[in-house]
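Here is a short report on one structure. Please look over the sequence and the model first.

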Amino acid sequence: MNAAQFESQLAHFPNYFANHVLLVIAALVFGIALSLPLAALAIRNPRLAGPLLGLASIVQTIPGLALLALMVPLLGRIGVVPALIALILYSMLPILRNTVTGALEVDPDVLEAARGIGMTEEQILVRVRFPLAAPVIVAGIRTAAVWTVGMATLSTPVGATSLGNYIFSGLQTQNTVAVLLGCFGAGILAVTLDGLIRMAELAATRRDARLAWISLACFVVSVGLSTAPILGDLVGERTRPRASVGAKTFTEQYILAALIAEKLDDAGFDVVIRDGLGSTVIFQALANDELDVYVDYSGTLWANHLKREETAGAEAVLSEVKRWLLAEHGILSLGALGFENAYAFAMRRDRALELGIETLDDLAAHSSTLSVGGDYEFFSRPEWIAVREAYSMQFDEERSFDSTLMYTAVSKGHVDVISAFSTDGRIAAFDLVVLDDPRESLPPYDGVLLLSKSAARNAKLVDALLPLIGQLDDSSMRNANRRVDLDHRPITEVAHELAQKRMD
Amino acid sequence: MISIREVSKKYSVGPGPNGADEGEIAFAVEDLSLEVAAGETVVLLGASGCGKTTTLKMINRLVTPSAGEIVVEGRNTRDVDPVELRRGIGYVFQGIGLFPHWSVAENVAATPRLLGWDEDRIRARVNELLDRVGLDAAGYRDRRPSELSGGQQQRVGVARALAAESKLLLMDEPFGAVDPVTRDGLQRELIAMREQLDLTILLVTHDVTEALLLADRIAVMDRGRILQIDQPSQLFSDPASELVERLLDMPRRQSARVQDLIHGTVAEKTSGNVGGDE
């Protein structure tokens, strides 16, 4: 841990926090606005109450990350909208449940009196049921607020900036400061929000107009202050053109995004980095023009998007991928950056020697007694199926890890072999050996710079990025990864070094 | 004022423990007719479950009759919007049912607000009624129901029922929840108020003494029917059945036993022969 690292992380705080606050407040406002009328409907038609609450409970049982991820294919887009919709759905259960329960459990004597003096059902609802259920309803809103603050940290992978950017990138780069900053921000927000809602509730039950104004003022001031850093972006006129750079969920992607951002910033763009995006999410975003540029790998595109099962030479894959991207999605592949980050099966050197394993053929012979580790994606990727079939492997156990943690897992012996990334600095640092692939079952994985349809038409943007093509070799990429993962240097610093060393 | 004509209320009885009596129909009120003249106080007297509360609730359509018709102030209640009907009839509820989130003044003002009175008129009416039910308006207006005693709460309940200037007051065991001393006071006040305001009252109770003290006429009910309806003195002198006779005689027998106790006839008390027939 060092001061430079802390400072570089802290610099993100206003932006991440502001986005987080906006996301949470918007979700709660919509959540309340939708839940109350639905609750009113359920109270008026008790037969609806069961199914409605059941539905909300089902939404609740979907894990937060899955619900967010589901929104992307459902809506066909990434960013704030899918995140917001998932958060709204998530916030609705406690509000809905508490409102319905609270309103139905009002003292029957009071309800009879309300009906008997001539209130309509609507008047009973608005003047009697809701006010009397207010403490229960507010308790539901408070629960929803705290849940939403927590769940909003998961909106990073669908492309909405939040405090989750700290947590996801921190986990990826083993940067504890970033993770703690994310947790700290979420904690502060949850406590503050809860306090403000509690204050408003107190003002309502005591019918204290002064307290009501104070809590409203506190709310407006805190939201205003916390969102000030991005409010300008939302309403102000932009003097510089905008560009957005995407990054998947691993260190190399964070570094490359920072490197691209630096180049674009130098060229006069206002750059937004959307990091921590899943593989399919990021591709979809580029195809939809929601993202301007990111780095993908030829083999990944070849296997996952072109659905090709055979392998081919690096040049053939590159040109075929380029042709396909343009024809199918209007995406421009600006060219290969020069390095390859292939899937590579890696083992601890002593273990490999002990078992006499040098190639995937050797590995296959022992596979029935070995366990294999991979990142979250790996075991569902076509490459894994291709390798398994090519070598007839049948492992005793398959374990998924965060891609950062699998290196530690193999070096500590929790698994025997992992699907490493060839540019990862930890292969050398942990003294792992990479096994040969004599049957060439894995395609080449050249890093390629991809531009969206509209970015491809932007000559200034293209000109700013062209100098990167062919300039990053395997060893400089591996070094950069190592500097972040093992030396814990700030990403922007490492990206800057990479830019200086190669491009000057 | 009120004319109840051959009214019945049927309930379908759900399956019993053995499921044998599934779909059976039970009458809460059966073929009941009753006229209440303007300015009159009629008491529906009977044990729990005899249908007296159901009868009361059918008048302002809190319960819908299965058969028959009810005419209130010349209008068949079936042809009147129930909400409008209820706003025109004062109702004192068995559970009092004050709105706990509203002040005393807001509770009393409930129906006038629903009727869209202007605030000055509401304010004047609330103050007048609070004073009339014996609650100093200045001191009680802004209190919450939870700050009042049971008797005070029921006073507010009566004020609320009278707020919209209805001459017709339906009262469902209005003094059931208060202690005997308070009940006595409230009953006397009701009698005074009835004269001053020229009220027509239909009151439900199972308390024979209360019925005798308040009623111009008493309708004795049992199992959804009226056994006899007459002035209290008629009921004593000419009871229609043994059940009516025994019911009406109860206060006198009780008071006799109290007399015995006071005069120390302890022997009778310990012998166990204490009117087990009630």
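## A helix across a sheet

Axes here are lines fitted to C-alpha atoms, for helices over the stretch in contact, and angles run from 0 to 180 degrees between N-to-C directions. Contact means that two C-beta atoms, placed from the backbone, lie within 7 Å. Helices (H or I, at least four residues) and strands (E, at least two) are DSSP runs, numbered from the N terminus.

The model is predicted: local features need pLDDT of at least 70, side-chain atom pairs count only at pLDDT 80 or more, and totals for chains, interfaces and linings use all residues. Residues are numbered from 1 along each chain as its sequence is written, while chains are lettered from A and ligands numbered from 1 in the order in which they are written.

## The sheet in chain A

The sheet is open and has five strands, in the order β7-β6-β8-β5-β9 (chain A), with mixed pairing. Its edges are β7 (397-401) and β9 (432-434) of chain A, each pairing on one side only. On average, neighbouring strands are turned by 35° against each other, direction ignored.

Strands pair if DSSP finds at least two bridges between them. β6 (residues 371-375) of chain A and β7(A) have five bridges, in the parallel sense. A:V372 has A:E398 in β7(A) as its bridge partner.

## The nonpolar core

The largest nonpolar core has 223 residues. Such a core is a set of buried Ala, Val, Leu, Ile, Met, Phe, Trp, Tyr and Cys residues joined through C-beta atoms within 7 Å. A:A346 is among the residues with the most contacts inside it. Not counting residues up to four places away in sequence, A:A346 touches residues including A:V410, A:V417 and A:V433.

## Where the chains meet

The contact takes 17 residues from chain B and 13 residues from chain A. On the chain B side, α2 (82-87) and α4 (110-114) each supply at least two residues.

## Two positive phi values in chain B

Most residues other than glycine have a negative phi. B:D31, in strand β2 (residues 24-36) of chain B, has a positive phi near 50°. B:I96 has a positive phi near 65°. B:I96 sits in the loop between β6 (90-92) and α3 (104-108) of chain B.

Which of the two is buried? B:I96 is buried because 23 other C-beta atoms lie within 10 Å. B:D31 is partly exposed, with 14. The cut-offs are 20 or more for buried, 12 or fewer for exposed, and partly exposed in between, counting other C-beta atoms, placed from the backbone, within 10 Å of a residue's own.
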